[in-house]
Amino acid sequence: MLQGTVIIQARMGSSRLPGKVLLKINKKPMLHYVLKQTKSAKHVDDFIIATSTNSDDEPIVEYCKENNIKYFRGSEENVLDRYYQCAKKYNLDTIIRITSDCPLIDPNVIDLIFSKFENNSFDYVSNNIEKTQGKWFDSECNFPQGMTVEICKFHALEKAWNEAKKPSEYEHVFPYVQFHPELFKISNIVNSTNLSNIRCTVDRIDDLNFIKEIINRFSENKNFLNIEDIVKIVDQEPELLKINSHIPFDEGIKKSY
């Protein structure tokens, strides 16, 4: 079975929730849950935390050292360069991109997207773009927010690194690949049920509070949570969605564009 390495971008300097990657959920940093969920995927063979050379990110490096986690330090603002240099250093052929603000990332989604990537020899597959009238656009693809997984071959990442020009292409790594389908073989996965009203990403304190409520309803001994677990909880307690439903959808990427 083909596997890939996850590169998880993480930094302390979030403008809306500073230091969020190490904020505690049940006495453990949010990054712990991102890693716990990620390593449960069958198609993941390893993971690397990609942080910046900024001294503010030293706590992330210390956390990696204390927990024997591979890490890489690169450009703070040019995340595309950070990913490329990290993949190059570790000689990666297949890169799985996940962000550190997704503590409930579903390993089943990782495996689903990887299976399509593997079985069809794509250069890039994700669940955050959708084709409308022959063109690709940003989309949650009916998944809860905070479930984005992007899988790419190194040669496509390298081409993007060589040719990307826009600030949004540097900040979000794969827009150059996504929006040049004439250069790459790309595809996506769309969830059968629209669950995009469920916000599982952490951008503000209310997001963190929502995640805490979900995690607190399950035993720490449970290997991982999946989308079905989350849906079951919010179906039983729909008022939980009010905790963070007021936060603008895709606030960060819209600001970048």
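What share of the 257 residues in the protein chain do buried residues make up? In this predicted model, in which residues are numbered from 1 along each chain as its sequence is written, local features need pLDDT of at least 70 and side-chain atom pairs count only at pLDDT 80 or more, while totals for chains, interfaces and linings use all residues. Side-chain values use heavy atoms, with hydrogens and water left out. Buried residues (under 20% relative accessible area, with a 1.4 Å probe and protein chains only) make up 54% of the 257 residues.

The protein chain has 10 helices and 11 strands, which are DSSP runs numbered from the N terminus, with at least four residues of H or I for a helix and at least two of E for a strand. The radius of gyration, taken over C-alpha atoms, is compared with a globule rule of 2.2 Å times the number of residues to the power 0.38. The value for the protein chain is 17 Å, close to the 18 Å that the rule gives for 257 residues, so the chain is as compact as a globular protein of that length. Among contacts (heavy atoms within 4.5 Å) between residues at least 6 apart in sequence, 72% join residues at least 24 apart.

Strand β4 (residues 44-52) and strand β5 (residues 70-74) pair in the parallel sense over five bridges, where pairing requires that DSSP find at least two bridges between two strands. Threonine 51 has arginine 73 in β5 as its bridge partner. Together with helix α2 (residues 58-66), β4 and β5 make a right-handed β-α-β unit, a term meaning that, with the strands pointing away from the viewer, the path from the first strand over the helix to the second runs clockwise.

A nonpolar core is a set of buried Ala, Val, Leu, Ile, Met, Phe, Trp, Tyr and Cys residues joined through side-chain atoms within 4.5 Å. The largest such core holds 55 residues, of which Ile49, Ile96, Leu104, Ile198, Phe210 and Ile214 touch the most other members. Elements that each supply at least two residues of this core include β1 (4-9), β4, α2 and β6 (94-99). Isoleucine 96 touches, among others, Val6, Val44, Phe114 and Ile151, when residues up to four places away in sequence are not counted.

With a disulfide taken as a pair of cysteine sulfur atoms within 2.5 Å, the count comes to zero. Cysteine 64 is in no disulfide, as the nearest cysteine sulfur, that of cysteine 86, is 11 Å away, and cysteine 64 is buried, with a relative accessible area of 0%.

How values were computed
Buried means under 20% relative accessible area, exposed over 50%, partly exposed in between (1.4 Å probe, protein chains only).
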